[in-house]
Amino acid sequence: MHTYHKLIWSDSRNMSAVTDESVDLVITSPPYPMIEMWDSVFSQLNPKVSEALARNQGDQAFELMHQELDKVWHESFRVLREGGFACINIGDATRTIGHRFQLYSNHSRILTSFKKIGFDTLPVIIWRKQTNAPNKFMGSGMLPAGAYVTLEHEYILIFRKGTKRIFQKPEEKLIRQRSSFFWEERNKWFSDVWFDLKGVSQGIKLNGARDRSAAFPFELAYRLINMYSVQSDMVLDPFMGTGTTILAAMASCRNSIGIEIDASFGEYIVRSAINSVKDINRKISQRFSDHFDFVDEYQTKKSPLGYVNKHYKFPVMTRQEIELNIPYISSITYNDEKQFCVVYSENPIIRVIEGNTIENSMEIKRTPKQHRLALV
Ligand SMILES: C[S@@+](CC[C@H](N)C(=O)[O-])C[C@H]1O[C@@H](n2cnc3c(N)ncnc32)[C@H](O)[C@@H]1O
């Protein structure tokens, strides 16, 4: 099995390189309007932004910035197939402009825009990003009434284009079943507050310039891809940045396209993707390992699980997990056509063996008593 991943260095307000209705899932995080680090980017997209900021017209600058993002949302609608999803990670902004401190509610502006374009809005996820920084509170300290609550969350807005996706043919049904996730993952991933995702340390310096990666965590993209698409689908990130979505698509057996205006990310993305085989496989092993911990605990405290996965022969909670299959990556290469080719191991690389010996379990550290894993 192969997947392909294409990097496009251009302005995603015009995605003419991507054909109509060719994408199954859009996952992205745009530059955040009214967060100072993005002022120059928005001012390049529309010089009126810097003029509005210079005149202390915060509301107008906010609206002008969103009008530029709207163009990308329109393009996203065009390239998505009927039944496809868009997941947008966005945070609100607080800012003092001309002595007026205000909230600039990016998430509500984007929700309104998507609705106008024709998307259906689905329940959102709050990504809780707690900070312990001593200076996290703003305003007048202990004195009423000019202190402000701290923003310690971001949003993942979720939209669908048109009606529910239909999996009609037997092979479509099978690929959907193979793309299933564990019951216990469902319980965590589909709750509306995510507490357990840490922000990414902004370590990349590009050409000595100020760090502008603002990357989201790998886990955020990985979960959303597994929640809203199936293996072999096409995932698009129109604000690719450091390529987190591309890596998560590779890890999930999906194809992907990343579009980024700043080509100085290129070298970093190619290097990190090619070197990520081991990390991705470790992440996959961790899912198995977590599942085994769950099985162990559940069977000890409650009762044996009712089903057995066909590929790995381990217990699972529901019938829907019988075909679940998470291929490991064999290789990632970058070719002359500026795309990555990812090859997956055809057969499950792990097998469950009975008994107490753990054979060559390089990747999986913790295993429950009943089920031992061996890399084969
Ligand atoms: C919030 S960052 C995305 C970070 C990304 N999710 C990651 O994990 O690295 C937004 C990115 O959008 C890019 N960008 C801004 N305007 C753009 C445009 N019109 N077209 C394409 N990319 C753009 C910026 O250069 C920046 O890398």
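Student: Where does Ile175 lie?
Tutor: Ile175 lies in helix H5, residues 170-178. Helices (H or I, at least four residues) and strands (E, at least two) are DSSP runs, numbered from the N terminus.

Student: What kind of model is this?
Tutor: The model is predicted; local features need pLDDT of at least 70, side-chain atom pairs count only at pLDDT 80 or more, and totals for chains, interfaces and linings use all residues. Numbering starts from 1 along each chain, as its sequence is written.

Student: Back to Ile175: how many C-beta neighbours does the residue have inside 10 Å?
Tutor: Ile175 has 18 C-beta neighbours inside 10 Å and therefore counts as partly exposed. A residue is buried with 20 or more other C-beta atoms within 10 Å of its own, exposed with 12 or fewer, and partly exposed in between, C-beta atoms being placed from the backbone.

Student: And which residues is Ile175 in contact with, leaving aside neighbours within four places in sequence?
Tutor: Ile175 is then in contact with Val230, Gln231 and Ser232. Contact requires that the C-beta atoms of two residues, placed from the backbone, lie within 7 Å. Ile175 and Val230 are 55 residues apart along the chain, yet 6.8 Å separates their C-alpha atoms.

Student: What about contacts in the protein as a whole: what share join residues at least 24 apart?
Tutor: Among contacts between residues at least 6 apart in sequence, 65% join residues at least 24 apart. The protein has 376 residues, of which 34% count as buried. The secondary structure comprises ten helices and 18 strands.

Student: Why is helix H7 described as largely enclosed?
Tutor: Helix H7 covers residues 218-228, and eight of its eleven residues are buried, so the rest of the structure largely encloses it.

Student: Which ones are buried, and what covers them?
Tutor: The buried residues of H7 are Leu220, Ala221, Tyr222, Arg223, Leu224, Ile225, Asn226 and Tyr228. Their cover includes strands E2 (23-28), E3 (80-90) and E11 (234-237), together with helices H6 (183-189) and H8 (244-251).

Student: New topic: which residues in H3 meet H4?
Tutor: From H3, His66, Asp70, Trp73, His74 and Phe77 meet Arg109, Ser113, Phe114 and Ile117 of H4. The residues of this contact comprise four nonpolar, three polar and two charged. Here Ala, Val, Leu, Ile, Met, Phe, Trp, Tyr, Cys and Pro count as nonpolar, Asp, Glu, Lys and Arg as charged, and the others, Gly among them, as polar.

Student: How many residues surround the ligand?
Tutor: The ligand is surrounded by 20 residues, and the closest are Ala215, Phe239, Gly241, Thr242 and Thr244. A residue is near a molecule if its C-beta atom, placed from the backbone, lies within 6 Å of it. The shell around the ligand divides into ten nonpolar, six polar and four charged residues.

Student: Now the backbone: where is the cis peptide bond?
Tutor: A cis peptide bond, with omega of about 5 degrees, joins Pro144 and Ala145. Ala145 belongs to the loop between strand E7 (138-139) and strand E8 (147-148).

Student: What is the phi of Met34, and what is that of His99?
Tutor: Neither residue is a glycine, but phi is positive at about 70 degrees for Met34 and at about 65 degrees for His99. Met34 is in the loop between E2 and helix H1 (39-45), while His99 is in the loop between strand E4 (93-97) and strand E5 (100-104).

Student: Is Met34 buried or exposed, and what of His99?
Tutor: Met34 counts as buried, because 24 C-beta neighbours lie inside 10 Å. His99 is exposed, with 6 other C-beta atoms within 10 Å.
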